[in-house]
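We will go stop by stop.

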Amino acid sequence: AALLRVQPQPRLGAGQDVGRSCILVSIAGKNVMLDCGMHMGFNDDRRFPDFSYITQNGRLTDFLDCVIISHFHLDHCGALPYFSEMVGYDGPIYMTHPTQAICPILLEDYRKIAVDKKGEANFFTSQMIKDCMKKVVAVHLHQTVQVDDELEIKAYYAGHVLGAAMFQIKVGSESVVYTGDYNMTPDRHLGAAWIDKCRPNLLITESTYATTIRDSKRCRERDFLKKVHETVERGGKVLIPVFALGRAQELCILLETFWERMNLKVPIYFSTGLTEKANHYYKLFIPWTNQKIRKTFVQRNMFEFKHIKAFDRAFADNPGPMVVFATPGMLHAGQSLQIFRKWAGNEKNMVIMPGYCVQGTVGHKILSGQRKLEMEGRQVLEVKMQVEYMSFSAHADAKGIMQLVGQAEPESVLLVHGEAKKMEFLKQKIEQELRVSCYMPANGETVTLPTSPSIPVGISLGLLKREMAQGLLPEAKKPRLLHGTLIMKDSNFRLVSSEQALKELGLAEHQLRFTCRVHLHDTRKEQEMALRVYSHLKSVLKDHCVQHLPDGSVTVESILIQAAAPSEDPGTKVLLVSWTYQDEELGSFLTSLLKKGLPQAPS
Amino acid sequence: MAAHLKKRVYEEFTKVVQQQQEEIATKKLRLTKPSKSAALHIDLCKATSPADALQYLLQFARKPVEAESVEGVVRILLEHYYKENDPSVRLKIASLLGLLSKTAGFSPDCIMDDAINILQNEKSHQVLAQLLDTLLAIGTKLPENQAIQMRLVDVACKHLTDTSHGVRNKCLQLLGNLGSLEKSVTKDAEGLAARDVQKIIGDYFSDQDPRVRTAAIKAMLQLHERGLKLHQTIYNQACKLLSDDYEQVRSAAVQLIWVVSQLYPESIVPIPSSNEEIRLVDDAFGKICHMVSDGSWVVRVQAAKLLGSMEQVSSHFLEQTLDKKLMSDLRRKRTAHERAKELYSSGEFSSGRKWGDDAPKEEVDTGAVNLIESGACGAFVHGLEDEMYEVRIAAVEALCMLAQSSPSFAEKCLDFLVDMFNDEIEEVRLQSIHTMRKISNNITLREDQLDTVLAVLEDSSRDIREALHELLCCTNVSTKEGIHLALVELLKNLTKYPTDRDSIWKCLKFLGSRHPTLVLPLVPELLSTHPFFDTAEPDMDDPAYIAVLVLIFNAAKTCPTMPALFSDHTFRHYAYLRDSLSHLVPALRLPGRKLVSSAVSPSIISQEDPSQQFLQQSLERVYSLQHLDPQGAQELLEFTIRDLQRLGELQSELAGVADFSATYLRCQLLLIKALQEKLWNVAAPLYLKQSDLASAAAKQIMEETYKMEFMYSGVENKQVVIIHHMRLQAKALQLIVTARTTRGLDPLFGMCEKFLQEVDFFQRYFIADLPHLQDSFVDKLLDLMPRLMTSKPAEVVKILQTMLRQSAFLHLPLPEQIHKASATIIEPAGESDNPLRFTSGLVVALDVDATLEHVQDPQNTVKVQVLYPDGQAQMIHPKPADFRNPGPGRHRLITQVYLSHTAWTEACQVEVRLLLAYNSSARIPKCPWMEGGEVSPQVETSIEGTIPFSKPVKVYIMPKPARR
């Protein structure tokens, strides 16, 4: 049996841990690396996966057949330039078109912060990002890409962020599906993940929300809109700190359509820079968005915002209501913090945190109810503005994960990208309810799965049809007996009819005949005897062709029966029965029948 | 030179003519003499290659074949079939056989033997499939003949083992359509063993080809549709198919499960892997619910739709569909809906959400959490959140149907429906608002829900707002704050979208009359009255103030204590509004006032019956018309028409009938008047001028008859006959007048011929009704038809004239329900003094908003006409999507009309009005042969004439010359 090995990378793998992904899969002798993420929390070597672990010594290019990147989040693609340019990998890197477009922007931004702001050395350069992107091969959804003669990959839509994809990796009859991050409920700009019944040997799924079942998205949206609308109507200002990509676009669409629907005139601003570039790509990749945007884009591209304009620093002091999206999302630095400081003093204003905030950030503090903040230089900022929290997360919840597993119908499931305790729960559920074996390896741990590969055998159409015609009723699921000859030649298998096999192999056909003598006590003549045998058989074997030949012999189909009189004993007659190997069943039945003797003829 | 040229031309011309003549002659011979079958035979024999033969067959298929010659054609085709080697030609022949056997008036049993015969020798799978299709056509044509059906079923069973999926498909289809219905009958038919069709079809549920599996399920559904009771055993088979790999199989399987669940709702089925048992309908409901989260959206739509019609399902199963146990980090969490409800019941105002407000509460027992419940859990929650709006709409519809049958479910699903008001697709929002309206009898809105509902009032889509107004008309509100909130939001809506005025007033009218007790405590605040001080009198023309008054007055109708709270000017305003907006303001019993209006109202009710009687009497009076002298007849008709018109004005429910009969009488009156003209007695040339009246009468009668035929809904066939008869008389009149006033016979010939054709047409189409037309014009006309056909025009005219005079007046039977189509243009209002300016040559869009009543098929009939001052008229066909259907018999047209014109010097008015287009030939049934063929009938869209049916509205426009 072939083996399938999966190994989340040590130290920075995607094992029982959230937010870092790098998985190595060996399938039928092929090695594929899934995602190449980095860790935001470290600033030293631990930030990137330890690639030396993959091949103790030797080049990565020789070992890996390909690298697949599921989407553009840095925890899935952040280590890519380091991996390809600094460690050295020249093989193909596969990702979807939107990921290919947006990924370098994020990498460049990340590089800038690391090198220019923090002054780190030994970091990848802009040129390296460019060189790395040259190795990328972009794939379309549902396009089957042949990496080499045996290895093929195929992308499925995953929701989550623009261009996020799930990948099916297939060698021969063995396959693995890697989900990356995905979302089973649609949101305002993206659809839901979908996969066909591809029945892979293994499904590697993320499990960030393994123990959560989420409420309907609509309530949250409605709440969000209501809050914004009320504040704006009161004349207050709304600050929404966001990260540049992903949720920001969703919230923009949400507000934009609401403004359109409600005919509101209050200005909405979006802090410029990264976002503007990203919005440009969102405009281009309409086929990757949800049904509504795809359907209406002929009239109007939803990402060409009518009400949302670029933000200028000076606008923050403008009187009157406004809504501002500003980066970064946790209020720890940058423009969002500046605006927050300006607006915090007025109780008419509001700040809406659309996501999780790390401990220690201003965002976290105000969310946990702190009303007085100590800023740099011992200033104390009193927060009078309203603070709201709205969770807009784009990961599948426990139900969603189960749904996807149900859709793909894998032989076994492997959980990654989640906390061990939560995974344990989900693992148990999957095993109980879907009756599918489930694994949850830790970082660096290798899971080996035995597979039972099926061996394809070619069959000629003529033979298939002939054999099919014999059975009367269709029975799809039941195995059926088939007569033929299996030819193994140059590692492929063919099932052909025996005549053809003989012809192909240049062999002469040998006939195997069984003969049997049946002694009967009878004093009559041979001819008479034969006639009696004939009439007897005719009456017993109604649906077979029984013939009496002129030379005195009787045939049943191809079985020959002759009556002879041995010279020594005139009272006994000998019946010679002869049949071919193919008619064994009928032949043996006949002999046993004849051995019982002929019925007494009415004399 | 010129002469020479002329000669040459002439020479050549003559040559050409000769040749043409020859050709035409030969062609004519061939075309007319042999029958269709012979022509086909010749064609097919001539065909040298299969492609040729195919071409001939294709050409042949374009023309219809009469029932008499079908059999001959079939013989020819069969003969050719035996000879043909090419499968594509055989395929076409087979399909032609099927088409031919559908011909009306042809009994296909004679070709069945041949069809079965050729089926046995056929090798090509495609042709086989086509032949089976032909057999199906034959079988469905002869539903009574049991023996034939049995035989066909036998044939189908024989071919079920074919290797081609196409053949198996057709066999199953045949079985589904023809499989015997009653067991007893099949047993009686000896010779053929009774086959268990269901068993046979059921065996193919596990066929290897998904198309065949689908066909098998469809065949089973077909059996059900034909009234055969499906066995319960099918249920388990169908359940297995729910996990099929192919979506069309799953989709069909869901349908089958639904059908079985409707047949055996109360049967008990075991739950696998446990000892429990549940009702079949509950089990099926759970299974279909599970399909709402299927991978294919087609299946999801199908499943969501079917859920709506499963009314027998037990309530706890039903309520599970809205239940989704939330948890976070393995701890139970409450849904936002639950939290909202709690906030409301604790009496707190929504404080906004804090972080951790939704913090999970109790720990969840890990063993007890079931992530993919086999049951119905959360099916609707999933359906309403689906990616595809088709699924969401289907889910909303299903929710609506289930909620209508179960009040407790209605209460529960409210939160979800309210959520749908914020969907991103307008259709879904609209659908959910309509749904809410339909179930509004079962529900009372909580304040927080009302809040969300009212937020949608600001929507920029007019449809949404109006739907919401309709919803508010029939909503129950629980508190006086709710009413206040609704009023405030509606007033906000009014200031933002002033065009919604009428709709908002109407909404407040119902809101007031539904909640008098809740309005009562609000009255002082709403009218801003003060116990001690007089307040300023509000502006009477302010729509917002009128809105408030409409609410209060309607509430006051059932709340006698309310008027005591009114101040003086309120009473004055009441009197004013009662007059100006009587449809919105009810009659009130006000202290110190005479109850004039209330005294009238009961008398109106009691009058209903007499008015009906009066109508009958006046119509009966007219029967005696025959015996009166012309003068008396005219007078009788005149005052009857007057009576009817007055009656129509007084009694709106009788207006349709009264108008309809008045119009008919008017036609008769015109006819009598025209025949009374002196011109008939004098030699023709002298009365050229005076004949104006007669010809005008004829024209008017024609117009009126068209109106009668097309402007009234509910006109039945017996009325149509009378109307057509009247029209025929008008045409006869026209012919006579023309004959009298024109000299020369040539035009008359044509007219006569045309008229006779019309008579012929009339006879053919109303042949069934002719016995009712004793003594009438047509009756007499048809008696003389042979004579008319051979006479000269002058004679014809003479005969017609005497007949017109002698013919009896036909009594018009009244239809049960008749309504006159009417239209009112709401917008443009036509009052504006500011001209609509635009650059000449370019286009300006004019918004047109109109309500249509009792118009049948408005999408095809209603047109907009624009009349320019220079007499130019333009007809605009609105898009089908521009029509909305807010209620039975009512339509709303909201469209844009594009105007354009060359420059004017002054602003001028153009007229906009609505037209009703008609086409009397559209009533003629189509020939069945044509439907199958390639010919696309474009007849329906043609317009024969139009009737204006709305008051024209004048729009002031000003095309300016373009600046250079």
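A disulfide is a pair of cysteine sulfur atoms within 2.5 Å. Keep that cut-off in mind for the cysteine stops. Note too that this is a predicted model.

**Stop 1: the cysteines**

How many disulfides does a search of the whole structure find? The search over all chains gives zero.

Is Cys400(B) buried or exposed? Its relative accessibility is 5%, so Cys400(B) counts as buried.

Now go to Cys103(A) and Cys77(A). Cys103(A) is in no disulfide either. Its nearest cysteine sulfur belongs to Cys77(A), 3.4 Å away. Cys103(A) has 0% relative accessibility, so this residue also counts as buried.

**Stop 2: a covered helix in chain B**

Select residues 297-307 of chain B. This is helix H16, and it is mostly covered. Eight of its eleven residues are buried. Colour some of them: Val299(B), Arg300(B), Gln302(B) and Leu306(B) are among the buried ones.

What do the buried residues of H16(B) pack against? Show four helices of chain B: H14 (247-263), H15 (280-291), H19 (379-384) and H20 (389-405).

Then zoom in on the start of H16(B). There, a side-chain oxygen of Ser296(B) comes within 3.3 Å of the backbone nitrogen of Val298(B).

**Stop 3: an open sheet in chain A**

Move to chain A. Seven strands form an open sheet, in the order E7-E8-E9-E10-E11-E20-E21, with mixed pairing. Which strands lie at the edges? They are E7 (144-146) and E21 (437-439) of chain A, and each pairs on one side only. From one strand to the next, the twist averages 20°.

In general, strands of a sheet pair through backbone hydrogen bonds, either parallel or antiparallel. For a parallel case, select residues 174-178 and 202-206 of chain A. These are E10 and E11, joined by three bridges. Find Tyr178(A): opposite it, in E11(A), stands Ile204(A).

**Stop 4: helices on the sheet**

Conventions
Residues are numbered from 1 along each chain as its sequence is written. Chains are lettered from A and ligands numbered from 1 in the order in which they are written. This is a predicted model: local features need pLDDT of at least 70, side-chain atom pairs count only at pLDDT 80 or more; totals for chains, interfaces and linings use all residues. Side-chain values use heavy atoms; hydrogens and water are left out. Buried means under 20% relative accessible area, exposed over 50%, partly exposed in between (1.4 Å probe, protein chains only). Helices (H or I, at least four residues) and strands (E, at least two) are DSSP runs, numbered from the N terminus. Contact means heavy atoms within 4.5 Å. A polar contact is a pair of N or O atoms within 3.5 Å; within protein, one must be able to donate a hydrogen and the other to accept it, and residues adjacent in sequence count only if both atoms are side-chain atoms. Two strands pair if DSSP finds at least two bridges between them. Axes are lines fitted to C-alpha atoms, for helices over the stretch in contact, and angles run from 0 to 180 degrees between N-to-C directions.
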